[in-house]
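Please read the briefing below alongside the sequence and the model.

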Amino acid sequence: MATSENGTEPDIPKPASDADYERFLALADNEEGWTQRLSKPDSGIWTREEKGSDVQMIKARIDYSDIEATVLYDVLHDPYYRRVWDENMIDGFEICRLDANNDIGYYSMRWPTPLSNRDFVNTRTWRAASDVYVIFNHSVLHPKMPARPGFVRAVSLLSGYVIRPLEKGCQLTYVSHNDPKGHIPAFIINKSMTRLVPQIGTKIQKACMAYPGWKAEHNPDFKPWLDDKVVDDLPSYEDSLTRDLVNTKGKLLVQSTAEQGMDLPQTGGESSAVDACTDDADPAASEDALAPEP
């Protein structure tokens with residue numbers, strides 16, 4: 001059973017509070033404590049030091065004149081579409097639901113050889129209003145989802161998105177404070193994130209442009225993230241403790257959410273990706289190999 005860092009049983013994850021929500025909004029909206037690294041008419045990048053972490057928090061703000069806020073919010077939520085636009089994804093599924101706007105999920109992603117693939121277990125929160133859409137997450141321990149062979153368990157300290165409608169299009173603010181763990185020096189992580197975040201923005205833009213046409217042919221009424229009173233088949237946290245998610249060798253016993261009931265293009269099997277992994281033995285690995293979680 002997974003334990004916390006002090007060796008005790010992990011605390012039961014709780015839904016994000018109003019204070020958590022306001023804190024994340026403040027990080028996204030305020031510039032106090034941030035150092036600007038890039039300034040363009042339609043985008044900007046900032047970084048800040050966080051106490052207790054060698055990995056910097058990074059923030060990117062991008063104006064999309066050709067994307068509606070509702071479409072961007074749907075793209076960032078839709079688990080079936082994620083497999084289509086996220087070529088780094090290996091597997092992803094929801095483990096349990098904490099309430100109508102909070103869940104715990106698993107996500108694994110491939111990193112180029114010789115770096116090990118990464119995976120996350122995160123609790124995610126989302127809220128939608130007419131003038132702002134918010135999604136944010138942080139890593140938690142779940143006793144049924146321990147570290148898996150072939151993966152380095154990465155940690156989301158606090159990451160997410162704030163979307164605001166504009167007179168034409170929308171504005172996306174992306175905040176990321178992820179520690180990929182392993183043996184990659186912090187200065188490489190920090191340097192690479194500043195360079196790679198604009199690429200994430202472009203990837204998301206392309207995904208949004210294609211989403212309406214794709215969604216029209218793939219379960220167009222499936223948008224549970226828009227319903228604050230959604231009822232689905234996800235177990236509660238307590239019930240999820242009785243469900244085996246991996247076997248003794250770390251192999252998944254559940255089907256990826258992105259593959260359930262959908263005829264989607266595949267981006268590569270898990271087994272080949274895992275077999276190719278190392279454990280980041282080379283600390284001088286180039287930042288070109290880093291691929292942050294979008």
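Asp103 counts as buried at 2% relative accessibility, where buried means under 20% relative accessible area, exposed means over 50%, and partly exposed lies in between (1.4 Å probe, protein chains only). The side chain of Asp103 meets that of Arg124 in a salt bridge, 2.7 Å from N to O, a salt bridge being a side-chain nitrogen of Lys or Arg within 4 Å of a carboxyl oxygen of Asp or Glu. This is a predicted model, in which local features need pLDDT of at least 70 and side-chain atom pairs count only at pLDDT 80 or more, while totals for chains, interfaces and linings use all residues. Residues are numbered from 1 along each chain as its sequence is written, and side-chain values use heavy atoms, with hydrogens and water left out.

**Salt bridges**

- A search of the whole structure finds 13 salt bridges, and one network of them links Glu94, Asp103 and Arg124.
- The pair of Asp103, in strand β5 (residues 102–109), and Arg124, in strand β6 (residues 117–128), links distant parts of the chain, 21 residues apart; helices (H or I, at least four residues) and strands (E, at least two) are DSSP runs, numbered from the N terminus.
- Arg164 forms a salt bridge with Asp29, with the closest N and O atoms 2.8 Å apart. Arg164 lies in strand β10 (residues 159–165) and Asp29 in helix α1 (residues 18–29), so this pair ties together parts that are 135 residues apart in sequence.
- In the salt bridge between Arg61 and Glu31, the closest N and O atoms are 3.8 Å apart. Arg61 counts as buried at 13% relative accessibility, whereas Glu31 counts as partly exposed at 45%.

**Nonpolar cores**

- The largest nonpolar core has 42 residues, and those with the most contacts inside it are Tyr64, Leu72, Leu76, Ile163, Leu172 and Ile204; such a core is a set of buried Ala, Val, Leu, Ile, Met, Phe, Trp, Tyr and Cys residues joined through side-chain atoms within 4.5 Å.
- Helix α4 gives the most to this core, with 10 residues.
- A second, separate core of 15 residues includes Ala16, Val134, Phe136 and Val175.
- Leaving aside neighbours within four places in sequence, Leu172 has contacts (heavy atoms within 4.5 Å) with residues including Ala60, Arg61, Tyr64, Val162 and Ile204.

**Cavities**

- The structure holds two cavities of 30 Å³ or more; on a 1 Å grid over the protein atoms alone, a cavity is a set of points where a 1.4 Å probe fits but cannot get out, and its lining residues have an atom within 4 Å of a point.
- About 40 Å³ of space lies in the second largest cavity, a volume being the space filled by probe spheres set on the points, which are joined across faces, edges and corners.
- Among the residues lining the second largest cavity are Val55, Gln56, His177, Asn190 and Met193, and helix α4 (residues 186–216) supplies the largest share of that lining, three residues.

**Backbone details**

- The peptide bond from Thr113 to Pro114 is cis, with omega near 15°, and Pro114 lies in the loop between β5 and β6.
- Lys181, a residue other than glycine, has a positive phi near 60° and is placed in the loop between β12 (178–179) and α4.
- Asn219 also is not a glycine and has a positive phi of about 50°; Asn219 is found in the loop between α4 and α5 (237–240).

Technical notes:
1 Å grid on protein atoms, 1.4 Å probe; cavity = no way out; pocket = protein on both sides within 12 Å on 5 of 7 lines; lining within 4 Å.
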